[in-house]
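Biologist: I am new to this structure and would like a close look at one part of it. Please take me slowly through the place where its parts meet, and then show me some surroundings that help me find my way.

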Amino acid sequence: MKKAISVLVSAAMAVSMLAGTAATVSADEAAGKVYYLNFKPEADEAWQKLAAAYTEETGVPVSVVTAASGEYETTLMSEMGKSDAPTLFQVNGPVGLANWKDYCYDLTGSDIVGNLTSDAFALKDGDMIAGVAYVIESYGIIVNKALLEKAGYKLEDITGFDALKSIADDIQARKDELGVEGAFSCAGMDASSDWRFKTHLANLPIYYEYKADGIDNTDAIKGDFLDNYKAVFDLYITDSTCEGAELSAKTADDSRAEFADSKAVFYQNGSWEYSSLSETFSDDDLAMIPIYFGVDDENQGLCTGTENYWCVNNGASEEDIKATLDFINWCVTSETGTTAMANDMGFVIPFTTAQESPNLFVKQDAEYTAAGKTPVSWNFTTMPSEEWKNGVGSALTAYAAGTGEWDEVVSAFVDGWASEAALAG
């Protein structure tokens, strides 16, 4: 892994991807410093403010650099090869940890681990605690309730996939009358957006297969629920604001803007979008419903879990490691930190000191669970590689454009899984 990083460094590919620049701090300015390579572009502004607040309070320099959407792993590989590497980074779970475990400081006995609400949020490599989850999130289909009601429907009418399809088909057929451009905002397939479908939507056939087989990982996915995957994706690209051939160039910003501008009724995304959408909509106008999959719709809740684990760079100096541990512990225990994470970032953090989030979608997830619905667990952390995701994404893009067949998606999903799992093994 370290050899691979040194090769990538020579390519100097990270410069254009970074949303900020890590500050360089001389040794006599502070005993230690923090450099956080942030995964979440939508939280960049909040992290910059929180870092500045910490520096003002403690004098410890904190730099937050945000990787471009879909480019975190590439950016991390480049940055970790530099002399001033991130002291704090993230992995997405066991598969991501396999690439980075040699760089992870053992967090066993640290204050932040002691504050976790459950041991399940500690990411381990053997007996070593290599990372800690710092946010629990939910995703599903975000609904513009006002537009839905304008079309003559209520949220309660959407009871499962068949009902969702019927309503979306009707809205699509009457889009001019209703003043919208489509039932669903565009299923953008450029790098900033395709993760919604090659990762988040792809989680559902994996979840239902694992559930049926009583497993939580596999080297050979069977694809038993790919017909359901096709049905949902077909709905997204048929009842859409644009033609399938246009999706390869559509971005996450395009999709979000279409929904925010009330050009679409439905938008697949997650609780992390609440802060942005709340600038346009009141809570009364928004809702999040499950991505109904036609398998167990009556009992299905939102997709809820985490792929966000903080890891501390064990190659940093002792001073920087201590400064980084102090910083993340402050983020999840102090009034300033917990307020920012709950209110500004909309996070539910898995720590005993967490503040209640005002995030509407988080509250709705809790309501689904309280009503007896089963949250769909995040199993995409078991996807065998980033290359597998890219293969599925390319096949989906070609299928949407009409230049590829669904069988190619199935092959990328099933055969690609087996080959990538074999390489990883």
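Modeller: Let's begin with a term: buried area is the accessible area, taken with a 1.4 Å probe, that two parts lose on being put together, summed over both. The size of an interface is often given in this way. Please keep in mind that this is a predicted model, in which local features need pLDDT of at least 70 and side-chain atom pairs count only at pLDDT 80 or more, while totals for chains, interfaces and linings use all residues. Residues are numbered from 1 along each chain as its sequence is written, and side-chain values use heavy atoms, leaving out hydrogens and water.

The domain bounds come from an automatic or database assignment. It gives domain 1 as 33–136 + 306–352 and domain 2 as 138–304 + 363–424. Taken over C-alpha atoms, their centres are 28 Å apart. Domain 1 brings 16 residues to the contact and domain 2 brings 14, where contact means heavy atoms within 4.5 Å. Together the two domains bury about 1,100 Å², with 51% of it on carbon and sulfur atoms. On the domain 1 side, S69, V95 and E307 supply 35% of the area buried against domain 2, more than any other three residues.

Two residue pairs are in polar contact across it, both at pLDDT 80 or more. A polar contact is a pair of N or O atoms within 3.5 Å; within protein, one must be able to donate a hydrogen and the other to accept it, and residues adjacent in sequence count only if both atoms are side-chain atoms.

Helices α4 (94–100) and α15 (335–344) each supply at least two residues of the side of domain 1 that touches domain 2. Helices (H or I, at least four residues) and strands (E, at least two) are DSSP runs, numbered from the N terminus. That side of domain 1 divides into four nonpolar, seven polar and five charged residues. Here Ala, Val, Leu, Ile, Met, Phe, Trp, Tyr, Cys and Pro count as nonpolar, Asp, Glu, Lys and Arg as charged, and the others, Gly among them, as polar.

Buried means under 20% relative accessible area, exposed over 50%, and partly exposed in between (1.4 Å probe, protein chains only). Where α16 starts, a side-chain oxygen of N359 comes within 2.9 Å of the backbone nitrogen of F361. After α16 comes G372, with a positive phi near 95°.

Salt bridges do occur elsewhere: the whole structure has 17. One joins the side chains of K263 and E181 (4.0 Å, N to O). K263 sits in the loop between α12 (252–260) and β8 (264–270) and E181 in the loop between α8 (175–178) and β7 (182–184), so this pair ties together parts 82 residues apart in sequence. K263 is partly exposed at 32% relative accessibility, and E181 is partly exposed at 35%. Another salt bridge links R256 and D253 (2.8 Å, N to O), which both lie in α12, three residues apart, about one turn of the helix.
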